[in-house]
Amino acid sequence: MGSKSIPLQQHPEGILSVREKTFKVANLVKAAQEDLTKKEELHRLFIAALRSSGILPPEDLLNIASSLLAPKPEEKLLQEAKWFGQGLACQLLVPGKKDWEKGRVRLRIIVEFEPEDTVSEGGSGSPLDDLRGGEE
């Protein structure tokens with residue numbers, strides 16, 4: 001999946017077939033966008049990942065790791081990891097097309113920034129001057 005990948009939200013009425021399972025695209029999108037964001041386990045895993053990568057301090061890393069659910073069988077972990085990595089082989093049937101399209105499906109986490117609606121005060125220096133202050 002590269003530059004040709006398309007967001008499945010474009011085909012909410014589509015049908016996705018992954019291995020022996022067939023389900024509506026809308027159900028997968030809902031699970032990914034709404035249901036996953038409410039899972040406390042996912043939040044703990046994400047915080048643990050931020051700490052292990054150095055983005056957050058590692059102070060409570062052991063507590064978070066020990067609070068996770070019991071380890072899963074290795075094969076199941078590898079299968080679940082494919083959803084976020086290389087993706088899983090699948091077929092997509094979109095209304096209006098007569099054939100299934102083969103491809104891969106994967107989940108992506110998007111990090112967004114939403115600026116506040118504030119008016120700039122128009123100071124004389126760069127907004128980065130505060131950050132650079134300790135470097136001089």
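Where is the place of Glu112? Glu112 sits in the loop between strand E4 (101–105) and helix H5 (129–132); helices (H or I, at least four residues) and strands (E, at least two) are DSSP runs, numbered from the N terminus. This is a predicted model, in which local features need pLDDT of at least 70, side-chain atom pairs count only at pLDDT 80 or more, and totals for chains, interfaces and linings use all residues. Residues are numbered from 1 along each chain as its sequence is written, and side-chain values use heavy atoms, with hydrogens and water left out.

**Surface patches**
- Glu112 is exposed, with a relative accessible area of 70% (buried means under 20%, exposed over 50%, partly exposed in between; 1.4 Å probe, protein chains only).
- A patch of negative charge on the surface gathers Glu112, Glu114, Glu116 and Asp117 (patch residues have over 30% relative accessible area and no salt bridge; like charges are joined within 9 Å, nonpolar side chains (Val, Leu, Ile, Met, Phe, Trp, Tyr) within 5 Å; a salt bridge is a side-chain nitrogen of Lys or Arg within 4 Å of a carboxyl oxygen of Asp or Glu).
- Phe84, Ile109 and Val111 make a nonpolar surface patch of about 350 Å².
- Ile109 lies in the loop between E4 and H5 and is exposed at 59% relative accessible area.

- Ser17, in strand E1 (residues 15–18), is buried, with a relative accessible area of 16%.
- Not counting residues up to four places away in sequence, Ser17 touches Thr22, Ala89, Cys90, Gln91 and Trp100 (contact means heavy atoms within 4.5 Å).
- Arg19, in the loop between E1 and strand E2 (21–24), is exposed at 53% relative accessibility.
- Arg19 has a positive phi of about 55° although it is not a glycine.

Key: Areas by Shrake-Rupley, 256 points an atom, 1.4 Å probe, with all protein chains shown as cover. Lys, Arg positive; Asp, Glu negative; His and termini not counted. Charge placed at Lys NZ, Arg CZ, Asp CG, Glu CD.
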